Structure formats: structure tokens, C-alpha cells
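Take a look at the model below. This report goes through a few of its features one by one.

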Amino acid sequence: MAHISVQDVSVDFPIYGAQSRSFKKALFRAATGGMIARDHDRIVVRALDGVSFELRDGDRIGLVGHNGSGKSTLLRVLSGAYEPVRGTVNVEGRIASMLNISLGMDNEATGYENIFLRGIVMGFRPREIEPLVDEIVAFSELGDYIYMPMRTYSSGMAMRLAFAVSTCVSAEILLMDEWLSVGDAEFSEKAKDRLNNVVGQAKILVLASHDESLIEANCNKIMRLSHGELTSTEVIGS
Amino acid sequence: MLAKAMRDLRVGILSVHVWPTLAWQEIRQRYRRSVLGPFWLTISIGVLIAGMGPLYSRLFGQDTSSYFPHLAVSFIVWMLLASLITEGCTSFMVAEGLIKEGRMPLTVHVLRVIWKNLIIFAHHALILVILFIFYPPPLSWALLLVPLAILAIAVNALWVGLFLGMLCARFRDIPLIIQSIVQVMFFLTPVLWTPGALGRHAWAAQWNPLNHLLEIVRGPLLDGRVAATSWAAVIGMALVGFAFVLPVFARFRARVAYWV
């Protein structure tokens with residue numbers, strides 16, 4: 001059973017090297033972005049401010065909000081990258097983070113090597129990746145290009161490979177920053193099916209997006225973030 | 001917090017499918033499409049040692065047959081120590097993408113740096129193999145300590161790398177300062193000259209931690225010595241180092257993602 005518990009979480013980004021005096025004097029609030037505040041005498045951007053929620057099996061969350069409202073930061077807190085300065089985060093279940101699907105891949109390495117590089121960054125062991133290789137190669141339609149260095153690929157081919165590896169296993173908790181779409185018309189249809197399949201198998205989905213129709217199609221709850229605060233949680237269709 | 005830091009260390013060290021791969025990847029990335037790869041560096045170091053050996057042995061008025069092996073062993077181990085220190089500074093900075101994605105223990109990034117430099121060191125060791133054909137090392141049981149000495153260097157590199165990695169991620173001037181210090185230390189440490197040449201000022205080498213790290217490799221290879229004092233110093237350094245770094249790592253580990 002997957003479970004996410006977020007209690008009163010705040011995240012501050014210290015801004016070093018931006019300590020101009022005018023910044024220091026003003027407590028600044030802009031239409032977009034988090035709150036810029038002072039903490040002792042460094043400037044911090046408060047990206048998340050006292051956020052609390054609980055997610056259980058079956059929850060499909062659409063995260064919405066302005067640019068800089070804290071969506072990506074919240075995803076990174078859930079993925080474990082940022083440990084909050086205040087509050088607690090408790091995540092039970094295997095997480096797959098689709099925040100950057102080509103992270104770990106290297107242009108100079110061959111497509112084949114990159115399957116393993118990406119797999120390792122995703123938290124798999126080489127022997128767990130081994131049995132999936134054939135399927136990944138087939139899905140990405142790269143053929144013999146898989147033995148060529150990735151720098152010889154077109155950007156579309158590289159994306160297809162990254163997508164194929166990143167979606168090769170389903171996880172209990174899926175974190176996404178915007179929906180993934182790759183390739184030409186024909187491939188993108190195939191990719192959509194595969195992504196829907198991965199999303200369907202995930203017990204919890206957290207999808208940050210500006211596209212409300214996309215969120216309505218895939219999610220059952222909307223969480224609105226504004227200036228790093230969770231302003232509302234609505235159940236879709238009620 | 002200490003528990004999380006220990007977990008980071010334990011999981012990181014046990015991730016033996018991760019850091020060696022990342023280290024090899026970094027070497028391949030740098031030398032891809034080059035025929036000799038890291039051996040280019042080996043060749044240039046080999047030429048340097050071959051040129052400096054006879055010259056400096058005359059300058060210092062020392063017997064070539066004892067000075068040459070001293071210079072070669074010291075220089076190659078020095079290259080390892082110097083790059084472990086300077087690259088330890090950037091271990092977290094260069095892994096920004098991976099750190100901000102989460103999940104991977106920070107220890108992995110330091111181990112990647114250590115493993116990468118051990119691989120490069122293994123390339124340079126070829127010079128020693130050639131050297132020992134001409135100047136065979138004294139055969140003794142002490143030679144068995146050489147692999148252990150390399151391991152001791154790696155263990156010390158781990159705490160140094162964790163500490164400098166955090167410090168440099170936060171204060172971006174530190175890597176530049178460290179680089180200058182390492183350069184100066186090259187001349188202040190018995191690499192080009194032998195510790196014996198200090199005479200009654202031998203304390204200058206005895207209080208130099210880098211000298212002890214060199215000595216535990218050099219002792220067995222050059223004179224079949226165990227270098228017990230240096231071993232004590234190196235083991236002491238590791239103990240004091242970890243005792244100091246663990247609380248610091250526990251306190252600031254979670255901040256690194258915000259700093260890089």
C-alpha cells in the first residue's frame with residue numbers, strides 16, 4: 001500500500017550572492033513566485049509554506065498554480081531531493097520520478113549503455129534492467145541505432161529512448177511535471193498508451209500541470225498552490 | 001539526523017552497482033574517441049619522471065638509483081592524493097542534476113570521485129611496473145601492505161571528500177583556495193625531495209599528513225619498510241576525520257541539495 005503524509009512542510013531556498021541592499025530592505029511580494037523573505041541576514045525564497053496533506057491508494061492529484069507557486073518544489077520534496085526546513089514528509093512505496101526523464105544519460109555513450117545508465121539512476125540494478133532491454137529497444141524503434149553513440153541521434157530519437165526506459169516499469173507512486181509527449185504522430189499515440197498504462201498501474205499519481213483539461217482527464221483531485229501555500233483541495237466531478 | 005547520515009553512508013557504500021558505473025562513465029566520457037584514453041596522461045607523467053629523475057638527482061646530489069624510484073612512486077601517489085582532494089571539492093557540485101532528483105545517497109558522489117581516481121592511478125601504476133624492471137623493489141612481506149595503503153588513502157579520501165564537497169557546495173571560493181594550497185603542498189611535501197634531506201628539520205615532514213599518506217605506499221616499495229609511524233598517523237587521521245565529519249555531515253547533509 002502506498003501512502004504519502006506531508007505535515008506542515010516549509011521549504012526555503014537560500015539565495016547566496018544576491019544580497020543586494022535593496023533586496024535586503026524590502027520584504028518583497030510579486031504576482032508570481034514564492035515569498036522572498038529574510039532569515040537572519042540571508043535572503044531566502046520561501047517556496048513552500050506550511051503545506052499539509054495525506055495521499056492514499058487511488059489518489060490522482062493534479063497540482064496547479066502559477067509559475068513559481070511551488071509545484072516543482074513540492075514534487076522534489078516528495079521525491080526526496082529536498083528535505084524540508086520544517087515539517088515532516090513520510091513516503092511509503094516505490095517512487096518513480098518523471099521530472100527529468102533523460103537524467104543520467106550521456107550523449108557519448110551508446111543507446112544500449114544509456115539504457116543501463118538511466119536505469120541505474122532510476123534505482124535499478126543492472127540485472128533488473130537486463131530482462132527489459134529487448135522490450136525497450138523494440139518500443140523505442142531505434143533498431144541498430146541502439147549500438148550507436150547517442151550524439152548521433154536526432155533529439156526525437158533521444159527522447160524516445162529516454163521515454164522508453166523511464167516508463168519501462170510501473171511504480172507505486174508516480175511524480176510528473178507536465179505530461180510527457182514524445183515523437184511524431186504515430187509514435188506519440190503509442191507513447192500515450194504506454195504512459196496511460198504506467199499511470200494506471202501507479203497507486204498514487206501526482207501530476208503538476210497548467211493544462212486543466214489534462215488534469216481533469218487523469219486526476220480525481222486538484223490541489224491548488226499559491227505562493228507556496230496549499231490554498232484548496234477539490235475533488236473533481238463533485 | 002545522525003541515523004540518516006549513517007544510512008546515507010551505508011546505502012552509498014553498498015551501492016556497488018552505482019558508483020563504479022558513474023566513475024567509469026566519467027572516464028569514458030572524457031576519453032571517448034581517444035585511442036589511448038587515460039594512458040595519455042600516464043605517458044606525459046612517465047616522460048616527466050624520466051626527465052626529472054636524472055636531473056634532480058644531480059641537483060640534490062643524490063644517487064640516481066635511490067632517487068629515481070623515490071620520485072616515481074611519490075609523484076604518482078601525489079597525483080592520486082592531489083586529484084582526490086581537488087575533485088573531492090566538486091564532488092557534489094558536478095552531480096547537481098542527480099542530487100536535485102533525489103533518492104541517491106550523497107556518499108555515492110564522493111565514492112564516484114574516489115573510484116575514478118583509483119582507476120586513473122591504476123593506469124599510472126604502469127610506470128611503476130616499468131620502473132621496477134630497472135630498479136626492483138626489495139622483496140619483503142611489507143609489499144603486501146601496498147594494497148592496504150591504497151585502501152587507507154581511499155578511506156581518508158571519503159571523509160575529506162564528504163567534508164570538502166559540502167563546504168565547497170556552500171562556499172564557492174573554497175575550491176579555488178584548496179587548489180592553490182594543494183599546489184603549494186606539492187613543494188612542501190617530500191615528493192621532489194626525500195624526507196631524509198631535511199636533517200634536523202625532519203619534523204616538517206612528520207607533521208605533514210600528506211607525507212604519511214605517501215610514506216605508507218613508499219615505505220614498502222622503496223625500502224621494504226612497514227612505515228609504522230606513518231600507518232599510525234594515517235589510521236589516526238581516518239578516526240579523527242570521521243569523528244569530525246560525521247556530525248557535520250549529519251547536520252548539513254540535507255542542505256546540500258539547496259546549495260548545489
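## About the model

This is a predicted model.

## A helix pair in chain B

Start with helix α7 (residues 145-170) and helix α10 (residues 209-223) of chain B. Their axes come within 9 Å. They cross at roughly 175°. Angles over 145 degrees count as roughly antiparallel, so α7(B) and α10(B) are roughly antiparallel to each other.

Which residues make the contact? From α7(B) come Leu145(B), Val146(B), Ala149(B), Ile150(B), Ala152(B), Ile153(B) and Asn156(B). From α10(B) come Leu213(B), Ile216(B), Val217(B), Pro220(B) and Leu221(B). By class, this contact has 11 nonpolar residues and one polar residue. It has no charged residues.

## A sheet in chain A

Chain A has an open sheet of six strands. Their order is β6-β7-β8-β4-β9-β10, and the pairing is mixed. The edge strands are β6 (95-98) and β10 (229-235) of chain A. Each of these pairs on one side only. On average, neighbouring strands are turned by 15° against each other, direction ignored.

Now look inside the sheet. Strand β4 (residues 60-64) of chain A pairs with strand β9 (residues 221-226) of chain A in the parallel sense. The pairing runs over four bridges. In β9(A), Ile222(A) is the bridge partner of Gly62(A).

## Where the chains touch

Here 16 residues of chain B are in contact with 21 residues of chain A. On the chain B side, α2 (19-31), α5 (96-101) and α12 (256-259) are the elements that give two or more residues. Which element gives the most? It is α5(B), with five residues.

The chain B side divides into six nonpolar, six polar and four charged residues.

How values were computed. Residues are numbered from 1 along each chain as its sequence is written. Chains are lettered from A and ligands numbered from 1 in the order in which they are written. This is a predicted model: local features need pLDDT of at least 70, side-chain atom pairs count only at pLDDT 80 or more; totals for chains, interfaces and linings use all residues. Axes are lines fitted to C-alpha atoms, for helices over the stretch in contact, and angles run from 0 to 180 degrees between N-to-C directions. Angles under 35 degrees count as roughly parallel, over 145 as roughly antiparallel, 65 to 115 as roughly perpendicular and the rest as oblique. Two residues are in contact if their C-beta atoms, placed from the backbone, lie within 7 Å. Ala, Val, Leu, Ile, Met, Phe, Trp, Tyr, Cys and Pro count as nonpolar, Asp, Glu, Lys and Arg as charged, and the others, Gly among them, as polar. Two strands pair if DSSP finds at least two bridges between them.
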